[in-house]
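Biologist: Could you take me on a close look at one part of this model, the sheet and its pairings, and then show me what lies around it? I am new to this, so please go step by step.

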Amino acid sequence: MNTLPYSLDDLYWFALIADAGSLSRASRQYDVAKSTLSRRLARLEEMTGLALVQRNSAAFSLTDAGQQLLEEAWPLVRRMEMLSTELIGREAEPRGLVRLSASGAFGKLVVLPIVLEFMCRYPRVDVEMEITDQRADVVANAIDIAVRIGAMTDSDLFARKVATVRRILCASAGYAQARGLPAHPDEMEHYDFLVQSRNAAELELRCNGRTRALTTPRRLTLSPSDQLLAPVRAGLGIAHLGEIQCAQYLATGELVRVLPEWEIPEFDVYLVSPNRRYRPPAVRMLMDELAQRIPTAISSLIETDQHGA
């Protein structure tokens with residue numbers, strides 16, 4: 001006999017709504033109509049006699065009573081989910097939609113092959129993936145996983161470092177033969193540079209404890225980053241490319257390194273997601289798959305190409 005004044009199902013959905021941060025985000029995340037979630041929330045408030053959510057502004061926020069209820073209910077919600085997982089079995093097939101974002105060259109060469117293999121293994125998982133050099137707003141665009149390269153600046157997001165990558169200054173052998181190559185960073189201004197954005201023209205080089213910051217002249221600005229390899233191979237100028245992009249061409253001699261004693265600082269690779277306490281199994285499993293396989297994929301692209309030299 002149920003002696004509670006409310007439904008545990010409504011309590012469960014209240015916790016998920018609160019964790020998502022709004023009715024709209026919860027609706028997108030769990031593929032449930034916003035009106036359905038709103039009715040569940042209203043029914044829980046009616047049955048408890050408590051106002052759980054502030055409704056006097058456009059922003060979504062919990063009342064003191066709502067916050068207390070969430071803190072008390074969340075361990076119960078997690079336990080219910082864990083029990084369900086144990087009963088169904090951890091080998092149960094994941095399903096549902098995963099929204100993913102990754103940067104141009106890295107997304108194409110490293111992330112996409114992993115995602116495609118994951119989808120072949122789990123045919124009930126659907127993926128919306130965007131490959132772009134623009135940093136998408138993870139929360140506003142309801143992105144489950146974003147693969148980002150570079151410093152993390154948003155402390156409100158969950159970020160998991162999984163690898164580091166290098167960029168290499170290089171040019172075609174033909175360009176080097178025709179124009180020669182700079183022997184020092186101070187000579188860079190006399191050469192043609194190809195970049196993926198205006199910001200990418202700002203370059204920092206390090207050598208034996210010395211650091212040089214410079215702005216390279218831009219002959220060609222081209223994005224996304226995976227498109228920059230073609231003009232470098234065509235002999236238009238010098239570029240700093242991801243090592244995963246240029247390793248095979250350096251190994252064959254089609255491309256040559258520029259200022260090889262000077263290094264561009266490494267960049268960290270992060271898996272970024274909304275700072276939620278709950279993630280659907282498909283999202284959690286794909287995130288774990290990416291974390292496990294990205295370092296291996298990077299090494300394979302670099303080492304295989306070097307062995308082919």
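Modeller: Let's start with Leu100, whose bridge partner in S2 is Met129. Please keep in mind that this is a predicted model. Leu100 also has a bridge partner in S3, namely Ile145. Those two links belong to two strand pairings. Strand S1 (residues 96-102) is joined to S2 by 7 bridges, and the two run parallel. S1 is joined to S3 as well, by 3 bridges, and that pair is also parallel.

Now follow S3 onwards. S3 pairs with S12 over 4 bridges, this time in the antiparallel sense. Here Ile149 stands opposite Val269 in S12. S3 is mostly covered, with 4 of its 5 residues buried.

Let's move to another sheet. This one is open too and has 3 strands in the order S10-S5-S11, with antiparallel pairing. Strand S10 (239-242) and strand S11 (255-257) stand at the edges with a single partner strand each, so one side of each has no neighbour in the sheet. Its twist averages 55° from one strand to the next. Look at the link between S10 and strand S5 (residues 167-172): the two run antiparallel and are joined by 4 bridges. Within that pairing, Ile168 stands opposite Leu241 in S10. Helix H8 (residues 243-252) packs on this sheet, where it touches S5, S10 and S11. The direction of H8 makes about 105° with that of S10.

Gly237 lies in the loop between helix H7 (229-233) and S10. Its relative accessible area is 0%, so Gly237 counts as buried. Leaving aside residues up to four places away in sequence, Gly237 touches Cys170, Ala171, Tyr175, Asp192, Leu194 and Val232. Gly237 and Ser172 show how a fold can be read in two ways: they are 65 residues apart in sequence and 7.6 Å apart in space, C-alpha to C-alpha.

Strand S7 (residues 202-207) and strand S8 (residues 210-215) pair in the antiparallel sense over 6 bridges.

Now for the aromatic rings. The structure holds 2 aromatic pairs. In one of them, the rings of Tyr12 and Trp13 have their centres 5.9 Å apart and their planes at 85°, so the pair is edge-to-face. Tyr12 and Trp13 are both buried. In the pair formed by Phe118 and Tyr122, the ring centres are 4.9 Å apart and the planes stand at 55°, so this pair is tilted. Phe118 is buried, with a relative accessible area of 1%. Tyr122 has 18% relative accessibility and counts as buried because the cut-off is under 20%.

Rolling a probe the size of a water molecule over the atoms shows where empty space is left. Searching the whole structure gives 1 cavity of 30 Å³ or more. About 30 Å³ of space lies in the largest cavity. The residues that line the largest cavity are Leu8, Leu11, Tyr12, Ala73, Leu76, Val77 and Met80. Helix H1 (8-20) and helix H4 (64-88) are the elements that give two or more residues to this lining. H4 supplies the largest share, with 4 residues.

Definitions and conventions. Residues numbered from 1 in each chain as written. Predicted model: local features only at pLDDT ≥ 70, side-chain atom pairs only at ≥ 80, totals over all residues. Heavy atoms only, no water. Phe/Tyr/Trp six-rings, centres within 6.5 Å; stacked < 30°, edge-to-face > 60°. Buried < 20%, exposed > 50% of the residue type's maximum accessible area, 1.4 Å probe, protein only. Pairing = 2+ DSSP bridges. Axes fitted to C-alpha atoms, helices over the stretch in contact; angles between N-to-C directions. Contact = heavy atoms within 4.5 Å. 1 Å grid on protein atoms, 1.4 Å probe; cavity = no way out; pocket = protein on both sides within 12 Å on 5 of 7 lines; lining within 4 Å. Points joined across faces, edges and corners; volume = space filled by probe spheres on them.
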